[in-house]
Amino acid sequence: MIWLVLLVPIIAAVLAPFARGKAGILAFLALLFSFLFILPMYPAKALTESAPWVPQFGLSISFRVDWLSYPLTLLIALVSALAALYSMDYMKDREDQPLYYACLLLFAAGMMGVTLSSDMILFYLFWEVMVLSSFFLISEWGNQDAKQASVKYFIYMRASALALLFGILWVHAATGSFELSPGLAGLTLLGFLPFLLAFCIKLAIFPFHNWLPDAYSAAPAPVSAMLGGLMVNMGAYGLLRFSGMFAGIGTLSVYIALFAVITILYGAFMALRQDSLKRLWAWSSVSQTGYLLFGFAALGGIGLTGTALQMITHGATKALLFLVAGAVVYAAGTDEISKLGSLGGRMPKVAVLAFIGGLSLAGIPLFAVFQSEWMIFAGGLQFPALDALAMLAALLTLAYVLLNLQKVFMKVNETMENAKLKEVPWKMMLAMAVLAIVVLLLGIYPSPIMLR
Amino acid sequence: MFDVPMGLVLIPAILAPFIARLGEKTPWRMLVLFLLLSLASVLIVALSPFVRIFYFLFLLGATLVAAYAPLDGWWRSTLFGLTVLGVLGCVSSGDLFSFYIFLELSLLSSAILVHNRNPASTKAGLNYLMTSALGSILFLFGIALYYSSTGGLLAGGGPSLIAVALLLCGLALKSALFPFHAWAPVAYDESDPQTSALLSGLLSKLGFIGILKFLPLQTNILLVLGLATALYAAVVALREMNLKKILAYSSIGHMGYVAFALSFAAGAVPAVVHMFNHLIAAVLLFLAAGIFIAATGKRRIDELQGCCRNPLGVIFIIGLLAAAGIPPLSCFFSESMILKSAFDSGSVLAGFLMIAALLISACFYIKVVYFLAVKEPKDKIVAKVSNAQWAVLIALLLFVILAGIYPEPLVRAAETVVSTIR
């Protein structure tokens, strides 16, 4: 019955254009259904199901819920549902809302399809559903820069997808099967390179990071939350899922770690220089994808566990932060940090939520990201120098988070002091509050979703 | 080999003189009616599976194209019917010479369809006619050599290399493979939407019908032709701004994929599936583009800017994304399986080059999407769409989506086709 998790949002996406004003509620309910449906599938061992698709070519419609896909699918369903809830107010005045929700539903279904598929061509199919629907979300409902940004995004993503296809076909030629099975192992390292390329483009690892800041910051806040909180994990997920098939990745690990650390530092330095909250979080995402890759570079052990957990903790945190940025835009009409200030007194609840997200992102204990980041650092000890640099970057993260949140919420700003701020509606508050609770809970007790 | 009741093949042709007598108003309705009758009879009459499947597909395409809008004047309907007759004849002909005759029939009647609109289309039509005549001469010469080397005109036997080469030149010209493609963009651009759809959807497949029926498959020359065509079309389309020419290059590129596929042992089935998928996608694209071009009188994508920001535009964009090979739309599946056949036979480099062609073509497809759908229109575009056009386009759209999600029936049909070619 795993397919119902995907089918319900897809059917809702087809119906959404006919639902007019009710599309938002439809999207929310469909995604909530997926969340509640996947929740009890807690995998003591991997759940699989399979049906023939095109048997002539050996394709099957097969899904798997296991330690890796369960938490991530759950997060996708949750954050997407919250993004739909948040959009009901945030996107209220925008055109073509039914289409917006249709794209949002397809985007969520695409990502859940990626995490659940255990047939490689099905994986590729959902991968492109995810890319295509997010392309339209960015280009249609983004800000004035979105149209150019979305084209750049599309071309990078197409390159990534075709590299993925190349890898998939190579694996098929070597094994004669499209099954994405963890049991398979021992293919030569050469076949891993297209996957590495594809997933590094997707992760926005330096030097393929160029598309990310533009795309994330141009999208509307709930979509940015899905991009920065959910889609950012897809590259890491792909690496974890596919790398098991290949032998001898260890020879590459130090190079992977090197590029990861370059990305961490570069993203963090760029984040320090941004004057827009959404661009800040976008560059911070570049930096954080580096951590995901750095944990992967440890290849097994605690580092890999760290990456699997970081996908969830960072995902929830970054989604929260993008939603907070959206709330600031909603209330104050801008997200330029230099024009903002004094918001702590004017909107205290949002300020508290922002600091929960910010402190979590900075890796402060008791907040979610800390729980996974220390594991990544522990796994990274096999590259001591790089590990030290990565830890140094954690300081940079703390710096850019605190400096900017201080400017936005605490620094006194006369115009903002007297400006007429719009009240943030309860649906937006609820969406952010749920994420904040998730961040706090994971910070204290992450073990339920650590299944490895 | 002549297991086909000729009466069936001849229905559209028998129709032609009738149409001629019926005067000014009804010929088009008669044409659609007869095409529907033929379509229905394909399902009933005993035919070999190869013929039945291709008849059904081509008649389906032709019916949708014809139903889309009235063809003005009795001669247009007549020529349309004759073109379809030529296409069907090619499918069912058992020997090279009858294939040649039907090929010429479809060529001549479609050339007149292209040619009779305005001075520019006259030029394009003549260009098409002259180039194809050259191809026909090569083909005829090839037939002669084929006869002299095998002692017959049926498929099989061991034709000499030069005969195969000449036949291939003639067929590559019909399918507009590089370097025999030059006539196609001009002809597609200058003709009306229905003729473009007919040319790109149906006639471009005839070369492959000939190759499948009479020539040795799995040759390196097909591989090279296919790769060169796909890469060339993708690169040229990058710089092109004329919408219908871009669609034409897209169509040429797709014929490259088919040729590429036929050069691999396991590639024939995905190649046939791809011919199905491309037929539908090309018909959809040319018919939908025709509506915008007719509504605005403009052809360049920067002048048509923003014209796809409406329900009709959504259909067009979905068709375009299907042609770009993006899942979960139709061509993605056949393209992936074509590449699979290349990888499985060990041609990783060829597969890599084909993937490069796909990446380059993604760039020109996104260019069209950017100008037509992402950018805001400069001034309001009102496209009038009749009910028949909606019906045709929605039917095509459903096929484009379903063939990507559930391609199994198509694959089964293609397997039957491939196992009963000769």
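Tutor: Gladly! Let us begin with a term: a residue is buried when its relative accessible area is under 20%, exposed when it is over 50%, and partly exposed in between. B:Arg309, with 28% relative accessibility, therefore counts as partly exposed. Keep in mind that this is a predicted model.

Student: Which residue does B:Arg309 meet in a salt bridge at 2.9 Å, N to O?

Tutor: First the general idea: side chains of opposite charge can pair when their charged atoms come close. Here, the side chain of B:Arg309 meets that of A:Glu140 in a salt bridge, at 2.9 Å from N to O. B:Arg309 sits in the loop between α13 and α14 (311-323) of chain B, while A:Glu140 belongs to helix α5 (residues 120-141) of chain A, so this pair joins two chains. A:Glu140 is partly exposed, at a relative accessible area of 23%.

Student: Which residue of chain B forms a salt bridge with B:Arg309?

Tutor: That is B:Glu376, with the closest N and O atoms 3.3 Å apart. B:Glu376 lies in the loop between α16 (348-374) and α17 (387-405) of chain B, and B:Arg309 in the loop between α13 and α14 of chain B, so the pair ties together parts that are 67 residues apart in sequence. B:Glu376 is partly exposed, with a relative accessible area of 46%.

Student: How many salt bridges are found over all chains?

Tutor: The search of the whole structure finds 14. Another pair to look up is A:Glu336 with A:Lys339, whose side chains meet at 3.6 Å, N to O. A:Glu336 is partly exposed at a relative accessible area of 33%, and A:Lys339 is partly exposed at 46%.

Student: Now for a helix. How many residues does helix α13 of chain B have, and how far does it reach?

Tutor: Helix α13 (residues 268-296) of chain B has 29 residues and spans 41 Å from its first C-alpha to its last, close to the 42 Å expected at 1.5 Å a residue. Of those 29 residues, 26 are buried, so α13(B) is largely enclosed by the rest of the structure.

Student: What about empty space inside? How many cavities of 30 Å³ or more are there?

Tutor: The general idea is that rolling a probe the size of a water molecule over the atoms shows where empty space is left. In this structure, the search finds 8 cavities of 30 Å³ or more. The largest cavity holds about 100 Å³ of space. It is lined by 13 residues, and the closest to its centre are A:Trp67, A:Pro71, A:Ala308, A:Leu309 and A:Ile449. Two elements of chain A, α3 (69-90) and α12 (301-332), each give two or more residues to this lining, and α12(A) provides the largest share, 5 residues.

Student: Last, the surface. Which residues form a nonpolar patch there?

Tutor: Look at A:Met1, A:Trp3, A:Leu7, A:Ile11 and A:Leu15, which together have about 470 Å² of accessible area. A:Leu15 is part of helix α1 (residues 3-19) of chain A, and its 46% relative accessibility makes A:Leu15 partly exposed.

Conventions:
Residues are numbered from 1 along each chain as its sequence is written. Chains are lettered from A and ligands numbered from 1 in the order in which they are written. This is a predicted model: local features need pLDDT of at least 70, side-chain atom pairs count only at pLDDT 80 or more; totals for chains, interfaces and linings use all residues. Side-chain values use heavy atoms; hydrogens and water are left out. Helices (H or I, at least four residues) and strands (E, at least two) are DSSP runs, numbered from the N terminus. The expected span of a helix is 1.5 Å times one less than its number of residues. Buried means under 20% relative accessible area, exposed over 50%, partly exposed in between (1.4 Å probe, protein chains only). Patches are made of residues with over 30% relative accessible area and no salt bridge: like charges are joined within 9 Å, nonpolar side chains (Val, Leu, Ile, Met, Phe, Trp, Tyr) within 5 Å. Accessible areas come from the Shrake-Rupley method with a 1.4 Å probe; for residues, only the protein chains shown count as cover. A salt bridge is a side-chain nitrogen of Lys or Arg within 4 Å of a carboxyl oxygen of Asp or Glu. On a 1 Å grid over the protein atoms alone, a cavity is a set of points where a 1.4 Å probe fits but cannot get out, and a pocket is an open set with protein on both sides within 12 Å along at least five of seven lines; lining residues have an atom within 4 Å of a point. Grid points are joined across faces, edges and corners, and a volume is the space filled by probe spheres set on the points.
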